[in-house]
Amino acid sequence: MKLKYFAWVRERVGLAEEDVDAPAGVATVAELVDWLRGRGPDYERAFAAGPAIRAAIDKRHAKPDASIAGAGEIAFFPPMTGG
Amino acid sequence: MTVRLQSEPFDSGAEVARLSEGRAGVGAVVTFTGLCRDRADNGAPLEALILEHYPEMAQAELERIEAEARARWPLVDALLVHRYGRIRPGEPIVLVATLSAHRATAFAAAEFLMDYLKTSAPFWKQEETAAGTGWVAAKDADDAAAERWSRG
């Protein structure tokens, strides 16, 4: 699946997007975040804010317990500050 | 019903004139234009805001918010324009316009659209000041404003 990062999540990860294959057993947004945090200090720092980081699956907001099965694109970003 | 994302400034008056022209059944037009202030949230003079966005989702999310407004209120038309990129103090950032037969509907729908847009449209502001650039923190008051519209 494709992962996209925005705003300070993007800055901390150091990438705007990447393709990953999450291991079996990573079934939800929260589990994906836990797996990402284990990939290195940049990810750990990016996701240290935990629940403050929002996610979207295929361009729709998704809660931490949302299933990522079949997802094509998952985005992570801080709370939104548009308008 | 239109949702438009653009980097260039827009003219609210011209947008609204175009939208409301020849609409015999429209008795009310409510517009909200959000402008870039000349101060950062910490009070420092602001040089510019830089708006980052998630283009495909921003378009889809604003269309969903607009569809939700139409489901709740009998709107004749609505327009959402949101800019991205570098925005200077005094320039417009966002425009919401609602057209309906009566004012109560147009006022409520415009307020709903803005409240939802603030908390769910994927845009992020960065403030550019003499001290450098920094991300704007989300405000609890915006969450509370959106929350009051939630259904049971």
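Predicted model: local features only at pLDDT ≥ 70, side-chain atom pairs only at ≥ 80, totals over all residues.
A:A7 is buried, with 23 other C-beta atoms within 10 Å.

- A:A7 belongs to helix α1 of chain A, which covers residues 7–13.
- You will find A:D58 in the loop between β3 (54–57) and β4 (60–62) of chain A.
- Is A:D58 buried or partly exposed? With 16 other C-beta atoms within 10 Å, A:D58 is partly exposed.

**Strand pairing in chain A**

- Strand β1 of chain A (residues 2–5) pairs with strand β2 of chain A (residues 17–19) in the antiparallel sense, over 3 bridges.
- Within that pairing, A:L3 has A:E18 in β2(A) as its bridge partner.
- β1(A) is also joined to strand β5 of chain A (residues 73–77), this time by 4 bridges, and these two strands run parallel.

- In which order do the strands of the open sheet in chain B lie? The 4 strands follow the order β1-β4-β6-β2, and their pairing is mixed.
- At the edges are β1 (2–6) and β2 (28–35) of chain B, each of which pairs on one side only.
- On average, and ignoring direction, neighbouring strands of this sheet are turned by 10° against each other.
- Strand β4 (residues 77–83) and strand β6 (residues 92–100) of chain B are antiparallel partners, linked over 6 bridges.
- One pair to look for is B:D77, which stands opposite B:L99 in β6(B).
- Two helices pack on this sheet. Helix α1 of chain B (residues 12–20) touches β2, β4 and β6 of chain B, and its direction makes about 25° with that of β6(B).
- α3(B) packs on the sheet as well, touching β2, β4 and β6 of chain B, with a direction about 150° from that of β6(B).

**A closer look at B:D77**

- B:D77 lies in strand β4 of chain B, and B:D77 is partly exposed, with 16 other C-beta atoms within 10 Å.
- Which residues does B:D77 contact, leaving aside its neighbours within four places in sequence? They are B:M1, B:L19 and B:L99.
- B:D77 and B:G25 are 52 residues apart in sequence, and their C-alpha atoms are 11 Å apart in space.

**A loop residue, B:R37**

- B:R37 sits in the loop between β2 and β3 of chain B, and counts as exposed, with 12 C-beta neighbours inside 10 Å.
- Leaving aside neighbours within four places in sequence, B:R37 is in contact with B:L46 and B:P89.
- B:R37 and B:R88 are 51 residues apart in sequence and 8.4 Å apart in space, C-alpha to C-alpha.

**Two packed helices in chain B**

- Helix α3 (residues 103–120) and helix α4 (residues 140–147) of chain B pack at an angle of about 130°, and their axes are 8 Å apart.
- The angle therefore makes α3(B) and α4(B) oblique to each other.
- The crossing of α3(B) past α4(B) is left-handed.
- From α3(B), the residues B:D115, B:Y116, B:K118 and B:T119 meet B:D142, B:D143, B:A145 and B:A146 of α4(B).
- By class, the residues of this contact are 3 nonpolar, 1 polar and 4 charged.

**Where the chains meet**

- How many residues of each chain take part in the contact? 22 residues of chain B touch 14 residues of chain A.
- On the chain B side, β3 (48–53), α2 (55–72), α3 and β7 (123–129) each supply at least two residues.
- α3(B) gives the most to this side, with 5 residues.
- The side of chain B that touches chain A has 14 nonpolar, 4 polar and 4 charged residues.

Notes:
Residues numbered from 1 in each chain as written. Chains lettered and ligands numbered in written order. Axes fitted to C-alpha atoms, helices over the stretch in contact; angles between N-to-C directions. Parallel < 35°, antiparallel > 145°, perpendicular 65-115°, else oblique. Left-handed = near helix turned anticlockwise from the far one by under 90°. Contact = placed C-beta atoms within 7 Å. Nonpolar A, V, L, I, M, F, W, Y, C, P; charged D, E, K, R; others polar. Pairing = 2+ DSSP bridges. Buried ≥ 20, exposed ≤ 12 C-beta atoms within 10 Å, placed from the backbone.
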